[in-house]
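This report describes selected features of one structural model. The sequence and structure come before the details.

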Amino acid sequence: MKPAVIDTDPGIDDALALLLAWNSPELRVEALTTVAGNVPVDLASTNALRLLALRRPSPSPLVAVGASSPLARPLTTATRYHGEDGLGDLGDWPAVASPPTSPDAATVIVDAARRHGRELTLVALGPLTNVALALKADAESVGRIGRLVVMGGAVDVPGNVTPTAEFNMHVDPEAAHRVLAAGLPLELVPLDATRQAVLPRAGLHAALAQSPGPVAGRIQAFAERAFRIGHADGEQGMALHDPLAVGVAFDPSLVKWEAVRLAIGPDGETMRVSGMPNCRVARAVDVDRFFGLFLDRLCPPTSRRPASS
Ligand code: BDR
Ligand code: CA
């Protein structure tokens with residue numbers, strides 16, 4: 001069981017990714033660090049707390065609030081897809097406490113890097129602002145982590161916010177540039193890979209029907225918005241962007257990898273450039289095996305009971 005920190009901006013697919021991580025025995029998720037991205041950071045943090053209250057993983061990870069805006073530009077959110085609240089605008093989430101004011105996300109990442117070094121897997125599911133701030137605070141310690149798995153980029157495929165840029169990279173290109181330049185053991189899971197993992201609505205519903213209860217009901221409810229918007233946009237289901245990043249964090253053999261040298265363009269483009277590789281990029285996905293793991297683990301029978309029982 002490897003110690004992990006997940007940096008996240010929940011987000012519907014972030015939520016599915018967290019549920020997958022909490023049910024994956026290969027990972028021990030010690031902390032969730034939140035970042036502005038899909039929604040402002042206060043909502044991302046509230047959503048992290050909502051999901052913790054829903055699933056109640058044991059041990060419960062620390063939650064640390066991170067950057068409220070990208071390093072050098074205003075925040076662009078993705079509320080059309082995820083909803084104004086980031087989790088499908090259900091309107092009836094049980095109240096949760098206010099997110100803690102300290103320690104902040106960068107401090108928590110640095111602390112985990114110092115304590116675990118090569119053992120640590122850092123999984124980044126949103127813009128890379130917090131990771132860049134952690135590097136600024138202590139590049140040497142962060143440079144010693146074992147793995148940095150990042151969902152982001154569109155290498156040989158079109159982007160999803162501009163013709164050439166993917167959302168997480170587009171929101172904070174300056175942070176992405178710093179992270180890429182830092183020489184970290186970077187494993188990128190771009191749209192090239194995640195667009196292979198498009199889960200049909202019926203597949204999710206069938207899996208949730210195996211574990212009926214409040215957790216399954218809530219997952220189905222917040223996921224519905226992503227299916228609805230996706231179908232309106234001509235898609236066959238929901239691309240499991242962030243869950244695939246968690247999947248490769250616990251099982252890198254779920255994808256084929258290519259060592260690549262990338263540079264970040266001004267809009268957050270992930271461009272191939274010549275020279276020594278500075279990351280490896282997920283290419284072909286073993287989609288059947290990934291879907292099997294994802295659907296088995298998302299809402300296993302142990303999570304059937306109501307959160308209050
Ligand atoms: C990424 O953008 C966000 O909207 C998703 O949560 C995911 O991290 C996909 O481009
Ligand atoms: Ca995300």
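Helix 1 is largely enclosed by the rest of the structure, because eleven of its eleven residues are buried. Buried means under 20% relative accessible area, exposed means over 50%, and partly exposed lies in between, with a 1.4 Å probe and protein chains only. Helices (H or I, at least four residues) and strands (E, at least two) are DSSP runs numbered from the N terminus. The buried residues of helix 1 include Asp-13, Leu-18 and Trp-22.

The model is predicted: local features need pLDDT of at least 70 and side-chain atom pairs count only at pLDDT 80 or more, while totals for chains, interfaces and linings use all residues. Residues are numbered from 1 along each chain as its sequence is written, chains are lettered from A and ligands numbered from 1 in the order in which they are written, and side-chain values use heavy atoms, with hydrogens and water left out.

## Packing against helix 11

Helix 1 (residues 12-22) packs against helix 11 (residues 214-232) at an angle of about 140°, and their axes are 9 Å apart. Axes are lines fitted to C-alpha atoms, for helices over the stretch in contact, and angles run from 0 to 180 degrees between N-to-C directions.

From helix 1, Ile-12, Ala-15, Leu-16 and Leu-19 meet Ile-219, Phe-222, Ala-223, Arg-225 and Ala-226 of helix 11, contact being heavy atoms within 4.5 Å. By class, this contact of helix 1 with helix 11 has eight nonpolar, no polar and one charged residues. Ala, Val, Leu, Ile, Met, Phe, Trp, Tyr, Cys and Pro count as nonpolar, Asp, Glu, Lys and Arg as charged, and the others, Gly among them, as polar.

## Backbone in the loops

The peptide bond from Pro-10 to Gly-11 is cis, with omega near -10°. Gly-11 lies in the loop between strand 1 (2-8) and helix 1.

Arg-56, which is not a glycine, has a positive phi of about 50°. Arg-56 sits in the loop between helix 2 (41-55) and strand 3 (62-65) and is partly exposed at 38% relative accessibility.
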